[in-house]
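Trainee: I am new to this structure and would like to work through it by question and answer. May we begin once it is shown?

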Amino acid sequence: MNYLSVESISKSYGERTLFENISFGINKDQKIAFIAKNGTGKTTIMNILTGKDEPDNGQVVTRKDIRMAFLSQVPDLQDDLTIEESIFASDNETLKVIAAYERALENPADEEAYQKAFDKMDQHNAWDFETQFKQILFRLKLDNLKLKVRDLSGGQKKRLSLAIILINRPDLLIMDEPTNHLDLEMIEWLESYFAAAPITLFMVTHDRFFLERVCNEIIELENGKLYSYKGNYSYYLEKKEQRITSENASIDKAKNLFVKELDWMRRQPKARTTKSKSRQDDFYVIKEKAMSRRRDKQVELEINMERMGSKVIELHRLGKKFGDKVILDGFSYDFQRGDRVGIIGKNGSGKSTFLNIITGTLPPDSGKVITGETMKIGYYTQSGIQPQQGQKVIDVIKEFGEYIPLMKGRTISAGQLLERFLFDRKKQHDYVEKLSGGELKRLYLCTVLIQNPNFLILDEPTNDLDIVTLNVLENFLIDYPGCLVVVSHDRYFMDKIVDHLFVFRGDGVIEDFPGNYSDFRAYEDSAEPAKDDAPKEKNNWKQQQKSAGLSFNEQKEFQKIEREIKDLEYTRKEIERQFSEGTIADADIAAKAVELQRIIAELEAKEERWFELSAKMEA
């Protein structure tokens with residue numbers, strides 16, 4: 001059953017054409033993801049589908065009586081309503097029955113009104129609906145229904161908009177980046193909900209785990225053409241690679257034929273026969289094919305990272321709280337060269353606060369942060385770029401210099417650097433306020449990286465970036481030689497670039513988990529008690545591995561020793577490397593030899609104590 005048809009739509013803004021003659025359909029039970037580069041018209045197409053914008057040509061035909069909902073990136077809510085009032089302010093008859101029942105419960109003295117409300121719940125089979133409705137609110141952490149919309153955070157407003165849509169159960173749900181501003185627990189619940197729910201979806205999202213597990217079709221807009229892939233993200237990657245290979249082979253074949261036909265054209269007399277006229281027409285078709293080339297330029301990232309000394313950043317017994325809410329409670333950690341740390345936790349658990357303390361933009365209540373003299377921090381924040389009124393794209397980059405240093409002593413101009421970030425010469429002279437959300441993020445990322453940091457902090461870097469840019473950013477970060485700290489809800493992104501995780505549990509509890517996000521998720525799932533078992537208190541990974549036979553202080557000592565052994569081993573290997581390569585100055589050899597002996601002795605002592613605690617733990 002067809003729900004919606006897009007028929008030959010086009011859209012331009014002035015001289016800029018976003019897309020032409022685009023056609024596709026959305027049928028019942030399809031779960032479609034729409035993929036395109038930033039700035040090529042994804043949001044415009046969403047607005048056209050939902051009636052918020054109109055195409056220049058073509059039309060969108062919607063099946064009669066289809067209930068359609070749109071989850072936009074900017075929630076459309078009334079500030080003066082409460083959460084509860086916002087939910088019940090719809091035409092859903094069952095919701096009105098539930099609202100009447102909730103009011104009757106608040107006034108139990110009016111037995112007649114209560115009985116009437118109770119009977120209507122029966123008549124509309126609203127009991128199951130109410131249970132599901134409350135489960136959705138619980139999962140989306142909307143517990144205080146009396147809160148006014150104006151008092152909600154941006155994330156809470158996004159969750160409220162999502163809750164309203166899910167509760168109303170539309171036939172067709174159109175979503176623009178549904179996972180933005182949701183924490184990992186909510187994203188995984190939403191993923192499971194959509195994968196199982198009998199609902200038709202059309203969405204724009206960069207969350208590749210979401211694409212993999214929810215979608216059964218992917219539509220891609222590339223170079224003005226639409227391509228459809230009847231499968232999930234893995235299928236899309238496989239088939240797109242095959243398509244590109246086939247297209248390139250076709251272009252190569254056309255080029256060879258073009259050379260042959262070009263020679264024929266040059267040799268022909270002015271008088272043309274009908275037959276030669278037909279061949280001449282074919283020549284121009286071949287020429288167009290031969291001259292076509294893929295315009296899928298990728299972001300090229302290359303920086304001249306500042307030299308990094310032996311001391312990176314040390315965190316000593318950091319404490320931080322806001323009122324009664326504890327964010328950090330005596331947290332210590334010594335960053336080492338090449339550390340690649342991912343940070344996960346529920347919204348509000350203090351992840352961004354932690355980053356602000358590391359960078360010195362927010363002081364801790366107790367403890368201290370010691371930063372090595374050679375460290376240069378690059379901090380990509382959620383607030384993004386703050387352009388001046390009337391500022392052009394090229395002007396933003398020129399604030400850092402007309403020429404930018406690269407590796408091996410090379411330089412490029414500000415304009416050339418922007419071209420590497422997919423801003424062509426014309427786009428560079430656009431006003432910043434005209435950029436799409438994804439383009440703004442890309443420009444901001446450019447300003448952070450061109451400062452050549454050796455300690456890179458990224459707070460939700462994947463929001464609003466298209467999948468092409470994400471893949472290139474990941475490849476850059478995989479090869480990035482400096483330290484990396486990332487807060488992200490993008491599980492695919494985290495899996496590719498981090499080695500271990502800081503897990504923010506809340507109430508100042510931060511755990512260092514040795515692995516990426518998929519490792520962590522698998523461990524957490526394996527630690528869950530079986531459904532048939534009696535409820536047990538859930539152990540975290542450290543308690544399972546280390547708590548048996550150890551006191552609380554010994555557990556903390558065990559954890560600290562593991563980190564210290566790792567640091568000492570790194571320093572020992574570094575000094576031994578300097579000796580083997582002969583890079584130590586003659587005057588420093590004796591001091592370095594003494595330092596090496598001290599490190600070896602300390603390492604042996606730490607390892608002995610580690611074995612003592614291990615034996616006690618296993619006893």
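Mentor: Leaving aside neighbours within four places in sequence, Thr381 is in contact (heavy atoms within 4.5 Å) with Tyr444 and Asp459. This is a predicted model, in which local features need pLDDT of at least 70, side-chain atom pairs count only at pLDDT 80 or more, and totals for chains, interfaces and linings use all residues. Residues are numbered from 1 along each chain as its sequence is written, and side-chain values use heavy atoms, with hydrogens and water left out.

Trainee: Is Thr381 buried or exposed?

Mentor: Thr381 is found in the loop between strand 14 (377–380) and helix 12 (393–398); helices (H or I, at least four residues) and strands (E, at least two) are DSSP runs, numbered from the N terminus. Buried means under 20% relative accessible area, exposed over 50%, and partly exposed in between (1.4 Å probe, protein chains only). With a relative accessible area of 16%, Thr381 is therefore buried.

Trainee: Which residues of helix 5 are exposed on the face turned away from its buried side?

Mentor: The buried residues of helix 5 (residues 126–139) include Phe129, Phe133 and Leu137. The face turned away from the buried side carries the exposed residues Asp128, Thr131 and Phe138.

Definitions and conventions
The expected span of a helix is 1.5 Å times one less than its number of residues.
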